[in-house]
Amino acid sequence: MMLNSLVIKKRIKSVQSFLIEKGLDGFIQPRSDSFLGEYVPKFDARLEWVSGFTGSAGVLLILYDKAVLFIDSRYTIQAIKETKNTNITVILSSKQSFENYILTKRKQYKNIGYDPWLHSYSQIKNILKLEKRNNIQYVSLKHNPIDTLWNENRSKKPNSEIKIHPLKYSGISLTNKIKKLCIYLKKFKSSAYIINQPDALAWLLNIRGMDLEHTPIILSRALIFSNGNISLFIDSSRIERNILRHFSKGIKIFPENQIIDEIIKISKNKSKILVSPNSTSYALVQKIKNKKDNLIEVECPIDRMKAIKNKTEIK
């Protein structure tokens, strides 16, 4: 159902008031959530809430005096229809990206805020390079202004039942998967790997859930260490006894919000951390002071592992 254009105008105006109060010229709101997937739960549908746009890809640049929605060609007609009479300008990203748009308007819009949880490490690295060359300041915000404003009729965070994916379907036990991944970590002389992709984590631990519609995953993240131990960051109330029995002794449960502290601890020991820059939220590595020495950038090794189907999966 399309949102009333007056409601959207009011929400954008509220974000603009926040910008003026904080001395910012703009704010970047992407479609993604903190797991950077294409599909997001209703709780995290910030782009839809503030713009009315329901497509699975897009970025809204809210400036103090206007709002611009950047979409790909799949959503040209849909975006125009869903943002009608909201004063949102729709631009095809193939013609002009939001980064390029900011560059062309840098004399007017110099201080741009962003939520570090909603952007990948690689994306923030790229815009920070542009920042130095073009007298633009990208400001990492502690709190997303939309979260402050969106306090009515917001869906609850996903909390679906965690289920075991049986060996008769997976073909490989979680213990053997972990051993193979640890071999990969040791090749890089890395102490740990940050897993920010729920689908990768579901495959590795042989678990499933329904935190997303039509996608059998649990929205959680983890750290896996080269010795085979795993720190899983998730609400402990979701872990039933059968799941604890399914997990190996080396898997420990931590509160969701503790992961950054654990990553900082590893980096302070001057240990190497593997990170997949395109699928890891910038917030997870933001506070690591010496990123060049502490971080090793690789494509997700679990994606490679699960791409090679075993005999059970082929059947």
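**Legends: Ile260 and the chain around it**

**View 1. Contacts of Ile260.** Apart from neighbours within four places in sequence, Ile260 is in contact with Trp117, Ala283, Leu284 and Lys287. The model shown here is predicted. Ile260 lies in helix α11, which covers residues 259-268.

**View 2. Burial of Ile260.** Is Ile260 buried or exposed? Its relative accessibility is 18%. Buried means under 20%, so Ile260 counts as buried. In the chain as a whole, 52% of the 315 residues count as buried.

**View 3. Ile260 and Asp199.** These two residues are 61 residues apart in sequence. In space, the distance between them is 21 Å, taken from C-alpha to C-alpha.

**View 4. Fold of the whole chain.** The chain has 15 helices and 14 strands. Its radius of gyration is 21 Å, close to the 20 Å from the globule rule for 315 residues, so the chain is as compact as a globular protein of that length. Along the principal axes, the C-alpha atoms fill a box of roughly 55 × 45 × 35 Å. Which contacts link parts of the chain at least 24 residues apart in sequence? Of the contacts between residues at least 6 apart, 68% are of this kind.

**View 5. Surface and charges of the chain.** The accessible surface comes to about 16,700 Å². Carbon and sulfur atoms account for 50% of that surface. The chain carries 53 positive and 28 negative charges. The mean position of the positive charges and that of the negative charges are 5 Å apart.

Notes
Residues numbered from 1 in each chain as written. Predicted model: local features only at pLDDT ≥ 70, side-chain atom pairs only at ≥ 80, totals over all residues. Heavy atoms only, no water. Helix = DSSP H or I, 4+ residues; strand = E, 2+ residues; numbered from the N terminus. Rg over C-alpha atoms; globule rule 2.2 N^0.38 Å. Buried < 20%, exposed > 50% of the residue type's maximum accessible area, 1.4 Å probe, protein only. Contact = heavy atoms within 4.5 Å. Areas by Shrake-Rupley, 256 points an atom, 1.4 Å probe, with all protein chains shown as cover. Lys, Arg positive; Asp, Glu negative; His and termini not counted. Charge placed at Lys NZ, Arg CZ, Asp CG, Glu CD.
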